[in-house]
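Let's take a walk through this one, looking at rings, charges and helix packing along the way. Have the viewer open and follow along.

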Amino acid sequence: MLAVIAWVALPQVSHLPLWCSLLTGAVMLWRGWLAVTVRPLPARWWLWLLLVLTVGATLFTHKTLLGRDAGLTMIMVLLALKTLELRARRDAFVVFFLSFFMMLSNFFFSQSLLTAGAMLIALLGLLTALVNAHMPVGRPPLLQSARIAASMTLLGAPIMVVLFMLFPRMAPLWGVPSDAMSGRSGLSATMQVGTIASLALDDSVAMRIRFEGTPPRQSELYFRGPVLSSFDGRSWQPLRSGLPARMQPLPNLQVQGAPVNYQVTLEPNQRPWLLLLDATPSAPVVTGFNPHMTTELQWQVERPITDLLRYTASSYPQFSHGPRRPVAGLQEYLELPFGFNPRTLQLAAELRRDPRYAADDGTQLIAALLERLRTGGYVYTLEPGVYGRDTADEFWFDRKEGFCEHIASSFVILMRALNLPARVVTGYQGGEQNPVDGFWTVRQSDAHAWTEVWLNGRGWVRVDPTAAVAPGRVGSLQRLQAPRGVITEALLGNVNPALALNLRAVWDAVNNRWNQSVLNYTQRKQLNLLKNLGFASPSWEDLIYLLIGIVVLASLGGAAWTLWERTRQDPWLRLLAQAAKRLQKAGVQLAPNSPPRRLAEQLRAQLGPDHPAARRIGDWLLRLEALRYAPPSAQHERLVTLQREFKRLHWPT
């Protein structure tokens, strides 16, 4: 039981305070030591002392005893403390049911396939312990309890499937409580040096996409997130315009070419952002939300996304947007903080004095700077180090290395110094297609930052300076890899890379099927199921009626099975009854419920011990009785033999 409790509590160690995990582990080890050494349980004052410490520490950590995190902190420690007063079977049942609750609470933090598999093992373990607590006194084999628990789980599986398919998904009865600190996306509303660099270490899935028809080229897979236009010298933030709405630049989005239709399954990110391909003129179809587009082409919804979300959209890789002529609102995209990056400002002044760019609208300047990035020894790296106060100066002249955020930030600062409106766009770039199920997987390590520069007559133009430093980052999707540790190198150092990629593809496909079929089984899918069953305009009331009908039919089926079981008879007893009936027809006086040996004695007493029929039938009855105590493996064959002999016997008349 202690082992199962530890298995249930282990996944929550990373979500609860350190003192809670340490105290729970210490109490469990203490209880295990008491069990192994057969020592008495501690006095109650120990429990009261630990309880007071737990309540005080919970209040100090969470500032409350209410809420999800505070409640789970208390329950985990109380579950461990309850094992210290395990004196009767009733106490064991309390521990079991608290463990079941703790098992379910793991889904508060994750509903992944891995969590579900781990909790299925925990369920079997808890059921085994519960069955074992009901076993007779002694030491029954634990395997016997495990078999009973497994059979209970299998018998309950059809009920679980029916409830999953038909129980109405009505909030707040369905789902798990969300929390503002879980499921953070790799993107943020602000960007500082080093923020996005850490995402290269995060290989978790951000979203999955299924394209209709031929997907775009990998170099066109720019999924737009927050647009950052305000710079204070250290961090980039969304622009909070001080101009009236009539003076702010309009999106003026114009698309060309054929659209790309696709479906996105977005992981929870606790942000109101819908990640969509550039550019999406019409609102995506998403159930339960009202999407709207900002003036900077970012699509948002009215509340944070706290659960797995699926939506469909149509995007146009070929587009143009923004004002085509200078407007007052563009001045806000030229602002730079005073006193920062003096060498970058000096470089901009030198470029503007260059006769080659005297009449340039910005196109040649952008090309020249991209060529500088390609040939000037600049490096795209995961570990650029900590930048100082003048980040652009350090990038352009000193370090010449950085991740996409350093490159994009430095490029925008130089563009603004050249009197060209520019801004930073963050999101995801690229992805990889899973050969198993055809879905494209976008990971947190695909988080990216690029730039948009305003050009007269063209509007906002995407410029990705990272592609100039490392073309493989955008074109062929060559990702930076985190350095392996000693353990990782020992485990994966000799693994065939192709095999590792195939295994990863299979695992991603299985996880995606779990997300699509289980986690994303919404009320809309339930109603579509009813439509396929013949309901014209189904509603959640129809789900309840159908569920009640299935329950009634299952109950009637169970009642019929019970009646049939009552009419069934042991084949051995049936054969004995047939023999007794034949003897009664012959006039042999039989006592009720006589065993075979008694029937043989009564037959010999009436016909005489030397009568041929008495000898043959008596011998057959004795072998029938011996069959009752034969090994199970031999009973069937012997029973068939006795049934054949029964038909050939000459019964007296």
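Over the ring of which residue does the charged end of arginine 399 sit? It's tyrosine 387, with the charged end of arginine 399 placed 4.7 Å from the ring centre. Keep in mind that you're looking at a predicted model. There's another arrangement of this kind to look up: arginine 462 lies over the face of tyrosine 222, and here the distance to the ring centre is 4.0 Å.

On the H10 side, the residues in contact are Thr391, Ala392, Phe395 and Trp396. They meet His406, Ile407, Ser410, Phe411, Ile413 and Leu414 of H11. Sorted by type, the contact has seven nonpolar residues, three polar ones and no charged ones.

Now jump to helices H19 (residues 596–607) and H20 (residues 612–628), which pack at about 170° with axes 8 Å apart. Because the cut-off for roughly antiparallel is over 145 degrees, H19 counts as roughly antiparallel to H20. H19 brings residues including Leu599, Ala600, Leu603 and Leu607 to the contact, while H20 supplies Ile617, Gly618, Leu621 and Leu622, among them. This contact divides into eleven nonpolar residues, one polar and three charged. Among the residues that take part are Arg597 and Arg604 of H19 and Glu625 of H20.

Back to the rings, where the count comes to 16 aromatic pairs. Take phenylalanine 211 and tryptophan 440: their ring centres are 6.2 Å apart and the planes are at 85°, so this pair is edge-to-face. It ties together distant parts of the chain, with phenylalanine 211 in strand E2 and tryptophan 440 in strand E19, 229 residues apart. Both phenylalanine 211 and tryptophan 440 are buried.

Phenylalanine 231 and tryptophan 236 give you another geometry: with centres 4.5 Å apart and planes at 25°, the pair is stacked. Phenylalanine 231 and tryptophan 236 are both buried. One last stop is the aromatic cluster formed by Trp30, Trp45 and Trp46.

Conventions: Residues numbered from 1 in each chain as written. Predicted model: local features only at pLDDT ≥ 70, side-chain atom pairs only at ≥ 80, totals over all residues. Heavy atoms only, no water. Contact = heavy atoms within 4.5 Å. Helix = DSSP H or I, 4+ residues; strand = E, 2+ residues; numbered from the N terminus. Nonpolar A, V, L, I, M, F, W, Y, C, P; charged D, E, K, R; others polar. Phe/Tyr/Trp six-rings, centres within 6.5 Å; stacked < 30°, edge-to-face > 60°. Buried < 20%, exposed > 50% of the residue type's maximum accessible area, 1.4 Å probe, protein only. Lys NZ or Arg CZ within 6 Å of the ring centre and 35° of its normal. Axes fitted to C-alpha atoms, helices over the stretch in contact; angles between N-to-C directions. Parallel < 35°, antiparallel > 145°, perpendicular 65-115°, else oblique.
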